[in-house]
Amino acid sequence: VQLQASGGGLVQAGGSLRLSCPASGNIFSISAMGWYRQAPGKPRDLVARITSSDFADYADSVKGRFTISLDSAKNTVYLQMNSLQPEDTAVYYCNAVDWGEVYWGQGTLVTVSS
């Protein structure tokens, strides 16, 4: 399974970005997909995740600002990020759980200027 994250970039504080991550390859049955982020010198942390039954949960720091969604027909996960703040600056990674195996995509950089 291959994942290709895109949609990162440079945005001013208060702005918005939408990340996308399609999964491709030998997919059996994706049960969940998610977004994580890693700022310089910090560990990779959960941002949001969603199951194939549309149950979603979020990190407290992004609740009310970020929305995760899943298009199961396209095996694509999205992350709508609103009211971005400088502390949201990080490399954002997507992942997918397929038949118990976890797959990671390459990251996409989000930079929020103050």
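# A guided tour of an all-strand chain

Among contacts (heavy atoms within 4.5 Å) in the protein chain between residues at least 6 apart in sequence, 51% join residues at least 24 apart. The model is predicted: local features need pLDDT of at least 70, side-chain atom pairs count only at pLDDT 80 or more, and totals for chains, interfaces and linings use all residues. Residues are numbered from 1 along each chain as its sequence is written, and side-chain values use heavy atoms, with hydrogens and water left out.

**The whole chain**

The C-alpha trace spans about 45 × 25 × 20 Å along its principal axes. The radius of gyration, taken over C-alpha atoms and compared with a globule rule of 2.2 Å times the number of residues to the power 0.38, is 13 Å, which agrees with the value near 13 Å for a compact globule of 114 residues. Of these 114 residues, 39% count as buried, where buried means under 20% relative accessible area, exposed over 50%, and partly exposed in between (1.4 Å probe, protein chains only).

**The open sheet**

Next, select β1 (2-3), β3, β8 and β7 (66-71). These four strands form an open sheet in the order β1-β3-β8-β7, with antiparallel pairing; two strands pair if DSSP finds at least two bridges between them. The edge strands are β1 and β7, each of which pairs on one side only.

**The β9-β10 hairpin**

Move to strand β9 (residues 90-98) and strand β10 (residues 101-104), an antiparallel pair joined by four bridges. V97 stands opposite V102 in β10. The two strands form a hairpin with two residues between them, and W99 in the turn has a positive phi of about 55°.

**Charged pairs**

The structure holds four salt bridges, each defined as a side-chain nitrogen of Lys or Arg within 4 Å of a carboxyl oxygen of Asp or Glu. Select R37 and D88, whose side chains meet in one of them at 2.9 Å, N to O. This pair links distant parts of the chain, 51 residues apart: R37 lies in strand β4 (residues 30-38) and D88 in the loop between β8 and β9. R37 counts as buried at 15% relative accessibility, and D88 is buried with a relative accessible area of 1%.

Then select R49 and D57, which form a salt bridge with the closest N and O atoms 3.0 Å apart. D57 is partly exposed at 23% relative accessibility, and R49 is partly exposed with a relative accessible area of 41%. Finally for this group, show K63 and D60, whose side chains meet in a salt bridge of 3.1 Å, N to O. D60 is exposed, with a relative accessible area of 64%.

**Last stop: T108**

Centre the view on T108, which lies in strand β11 (residues 108-113). T108 is buried, with a relative accessible area of 9%. Which residues does T108 touch, not counting those up to four places away in sequence? They are A5, S6, G7, G8, L19, A90, V91 and Y92. The side chain of T108 also reaches the backbone nitrogen of G8 at 3.1 Å.

Definitions and conventions
Polar contact = N/O pair within 3.5 Å; in protein donor to acceptor, adjacent residues only side chain to side chain.
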